[in-house]
Amino acid sequence: VKVKTVQFIFRMESDILLYFLCIIDELALLLLVVYLIVCLSDLECDFLNTTQGCKQLNKWALPEIVATSLVPVMLLVSWHWVLFIITSPAAVYLLRRYLTLSGGSIGIYDPTEIRNRGTLSKFQKEAFIKFGYHLVIFFVTLYCFIIGLIT
């Protein structure tokens with residue numbers, strides 16, 4: 001009986017730690033998305049040179065993919081299937097978008113194409129969708145963290 005109690009307590013503490021790490025990761029992603037929104041709006045208003053702006057945006061593309069993929073991986077390892085299913089679409093989308101870049105492009109944000117065919121507005125819409133998505137995931141993991149602390 002004592003071994004099962006210790007395993008149960010360890011499981012609860014590891015879940016609390018997992019949710020805490022997910023909250024920290026989602027906060028970092030929210031700040032990153034706000035930065036992306038600001039850079040994209042600066043590009044739209046011509047406050048920023050197109051080459052400079054795209055360089056700044058591309059610098060954060062890979063860290064965004066890693067941070068977005070970190071949450072589903074942690075949830076998968078800890079057997080939280082429902083949360084894994086909720087959080088994995090964004091990681092899959094960002095990975096697919098990064099891996100299917102054309103060979104000649106500089107990065108996801110290409111200075112030669114960002115002003116063509118409404119690409120800038122598409123990136124802005126995508127950034128606002130990412131902000132809403134990460135905000136929802138933040139509150140879901142915060143709720144799970146609080147429930148874990150209460151029980």
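**Ground rules**

I number residues from 1 along each chain as its sequence is written. Since this is a predicted model, local features need pLDDT of at least 70 and side-chain atom pairs count only at pLDDT 80 or more, while totals for chains, interfaces and linings use all residues; side-chain values use heavy atoms, with hydrogens and water left out.

**Entry: aromatic pairs**

I started with the rings. A pair of aromatic rings is described by the distance of the centres and the angle of the planes. My cut-offs: rings of Phe, Tyr and Trp (its six-membered ring) pair if their centres lie within 6.5 Å, and planes under 30 degrees apart are stacked, over 60 edge-to-face, the rest tilted. I got six aromatic pairs in the structure.

One of them joins phenylalanine 20 and phenylalanine 145; this pair is tilted, with 6.2 Å centre to centre and 40 degrees between the planes. Phenylalanine 20 sits in helix H1 (residues 2-44) and phenylalanine 145 in helix H5 (residues 119-150), so the pair ties together parts that are 125 residues apart in sequence. Helices here are DSSP runs (H or I, at least four residues), numbered from the N terminus.

Buried or exposed? I checked phenylalanine 145, and at a relative accessible area of 17% it is buried. Phenylalanine 20 is partly exposed at 40%. (Buried is under 20% relative accessible area, exposed over 50%, partly exposed in between, with a 1.4 Å probe and protein chains only.)

Next up was the pair of phenylalanine 138 and phenylalanine 139, which is edge-to-face at 5.2 Å centre to centre and 70 degrees between the planes. Phenylalanine 138 is buried at 13%, and phenylalanine 139 is partly exposed at 49%. I also noted that ring pairs link Trp79, Trp81 and Phe84 into a cluster.

**Entry: lysine 130**

I found lysine 130 in helix H5, and it is buried, with a relative accessible area of 9%. What is it in contact with (heavy atoms within 4.5 Å)? Leaving aside neighbours within four places in sequence, lysine 130 touches Val33, Leu36, Glu64, Leu94, Arg97 and Tyr109.

**Entry: helix H2**

In H2 (residues 50-59) I listed the buried residues: Thr50, Gly53, Cys54, Leu57 and Asn58. Down the axis they fall within an arc of 130 degrees, so they line one face of the helix. The arc is that of the directions from the helix axis to the C-beta atoms. On the other side of H2, Lys55 and Lys59 are exposed.

I searched on a 1 Å grid over the protein atoms alone: in a cavity a 1.4 Å probe fits but cannot get out, a pocket is an open set with protein on both sides within 12 Å along at least five of seven lines, and lining residues have an atom within 4 Å of a point. Grid points are joined across faces, edges and corners, and a volume is the space filled by probe spheres set on the points.

I found one cavity of 30 Å³ or more. The largest cavity has a volume of about 40 Å³. H3 (61-77) gives the largest share of its lining, four residues. Among the lining residues are Glu26, Tyr133 and His134.

The largest pocket comes to about 220 Å³. H5 gives the most to the lining of this pocket, three residues. Arg97, Asp110 and Phe123 are among its lining residues.

Notes:
Helices (H or I, at least four residues) and strands (E, at least two) are DSSP runs, numbered from the N terminus. Contact means heavy atoms within 4.5 Å.
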